[in-house]
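Reader: I would like to learn how to read aromatic pairs and helix packing in a model such as this one. Could we go through the features one at a time?

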Amino acid sequence: MASPAEEPARAARKGDSRPQKQRREDQDEAELLTVPDGWKEPAFCKEDNPRGLLEESSFATLFPKYREAYLKECWPLVQKALNEHHVKATLDLIEGSMTVCTTKKTFDPYIIIRARDLIKLLARSVSFEQAVRILQDDVACDIIKIGSLVRNKERFVKRRQRLIGPKGSTLKALELLTNCYVMVQGNTVSAIGPFSGLKEVRKVVLDTMKNIHPIYNIKTLMIKRELAKDSELRSQSWERFLPQFKHKNVNKRKEPKKKSVKKEYTPFPPPQPESQIDKELASGEYFLKANQKKRQKMEAIKAKQAEALTKKQEERNKAFIPPKEKPAMKPKPATTETKIDVAAIKEKVKKAKTKKLGALTAEEVKLKMEVDEKKQKRKK
């Protein structure tokens with residue numbers, strides 16, 4: 001008889017019709033794909049490539065005029081850092097360029113690529129302390145070009161400032177979440193850090209230039225960071241936990257003050273407008289004599305003048321109309337709490353008069369000292 005604990009395992013075996021060998025292969029592949037925590041790739045040393053490189057490789061990059069003073073100061077440090085890896089570095093201030101090239105002693109074939117990235121970062125206003133980290137094996141860099149992503153200059157400046165945030169807070173949050181150093185300078189964004197962090201930085205920067213606020217991506221990164229701590233959720237899909245932000249395209253077109261409403265279509269033409277003679281025939285003016293028409297016009301003008309005069313008179317008379325006065329309030333009787341104690345004030349004034357101002361005289365000081373001594377003796 002099988003125990004109740006063994007029954008579900010047996011049922012699972014029956015349901016999985018694949019052979020045992022294939023199942024083992026799948027398990028081995030899954031184990032190979034997962035990188036153990038804290039694992040690091042061994043450093044590349046001279047023993048791995050004892051014969052060195054066959055040919056010399058070199059890279060050069062230009063730098064702006066405003067970086068000349070800083071590069072001149074830190075160039076001995078750059079040469080010292082590259083000499084450790086047997087890479088030669090030259091600074092040409094006349095041409096405004098930096099050049100790195102391998103030597104006969106260079107054994108690492110990839111160090112020239114890292115040296116190229118180092119001079120590129122220095123040209124993009126990254127400090128030497130941060131740029132020199134690129135020579136490490138577990139650190140990479142990414143220079144994102146953002147200048148051509150937005151056509152309008154003002155819009156580009158606004159979005160770039162949005163990436164930096166107020167007092168650099170958004171950029172600082174991004175650095176903490178991705179473990180990368182991010183530098184926004186001109187038309188480029190330079191990032192230094194691990195590969196996984198650089199991927200996230202690139203996504204955030206490009207989305208910001210596409211008018212997606214960086215706070216949404218930062219929120220997603222924070223949730224991912226918390227989910228990664230749970231060992232059970234590592235192999236599962238995280239879509240149900242991540243927020244879904246819909247991009248709303250709001251139309252900012254100003255509506256006109258006078259909206260023209262379209263009339264319904266009719267096959268019949270509009271009615272003929274009445275002429276001046278038709279209007280006069282309808283009102284009866286057509287049959288009046290010239291002097292009567294003149295008299296009517298004069299009466300209409302006089303009526304308008306009289307109406308305007310009365311309006312003006314009313315406006316003038318407004319200044320002479322007295323304003324409505326507020327009703328007089330009766331004074332409230334003084335409460336007992338607010339009454340002033342006159343006798344107490346008089347006593348205070350008398351005491352103030354008797355007090356002497358300034359320092360005591362020598363005789364008064366002696367008398368005071370004698371009184372104090374007598375008091376101490378009595379206490380004893």
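Author: Let us begin with Tyr286, which is partly exposed, with a relative accessible area of 43%; please keep in mind that this is a predicted model.

Reader: Which residue forms an aromatic pair with Tyr286, and how should I read the geometry of that pair?

Author: A pair of aromatic rings is described by the distance of the centres and the angle of the planes. Here Tyr286 pairs with Phe287 in an edge-to-face arrangement, with 5.7 Å from centre to centre and 90° between the planes, and Phe287 counts as exposed at 63% relative accessibility.

Reader: How many aromatic pairs does the structure hold?

Author: There are 2 aromatic pairs in the structure. Phe44 and Phe107 form one that is stacked, with the centres 6.4 Å apart and 10° between the planes. This pair links distant parts of the chain, since Phe44 lies in the loop between α2 and β1 while Phe107, 63 residues apart from it, lies in the loop between β3 and α4.

Reader: Is Phe107 buried or exposed?

Author: Phe107 is buried, because its relative accessible area of 15% falls under the 20% cut-off, whereas Phe44 is partly exposed at 36%.

Reader: At what angle do helices α6 and α7 pack?

Author: Helix α6 (residues 153-164) and helix α7 (residues 169-178) pack at about 55°, with their axes 5 Å apart, which makes α6 oblique to α7. In this contact Arg162, Leu163 and Ile164 of α6 meet Ser169, Thr170 and Leu171 of α7, a set made up of 3 nonpolar, 2 polar and 1 charged residues.

Note on methods
Residues are numbered from 1 along each chain as its sequence is written. This is a predicted model: local features need pLDDT of at least 70, side-chain atom pairs count only at pLDDT 80 or more; totals for chains, interfaces and linings use all residues. Side-chain values use heavy atoms; hydrogens and water are left out. Axes are lines fitted to C-alpha atoms, for helices over the stretch in contact, and angles run from 0 to 180 degrees between N-to-C directions. Helices (H or I, at least four residues) and strands (E, at least two) are DSSP runs, numbered from the N terminus. Angles under 35 degrees count as roughly parallel, over 145 as roughly antiparallel, 65 to 115 as roughly perpendicular and the rest as oblique. Contact means heavy atoms within 4.5 Å. Ala, Val, Leu, Ile, Met, Phe, Trp, Tyr, Cys and Pro count as nonpolar, Asp, Glu, Lys and Arg as charged, and the others, Gly among them, as polar. Rings of Phe, Tyr and Trp (its six-membered ring) pair if their centres lie within 6.5 Å; planes under 30 degrees apart count as stacked, over 60 as edge-to-face and the rest as tilted. Buried means under 20% relative accessible area, exposed over 50%, partly exposed in between (1.4 Å probe, protein chains only).
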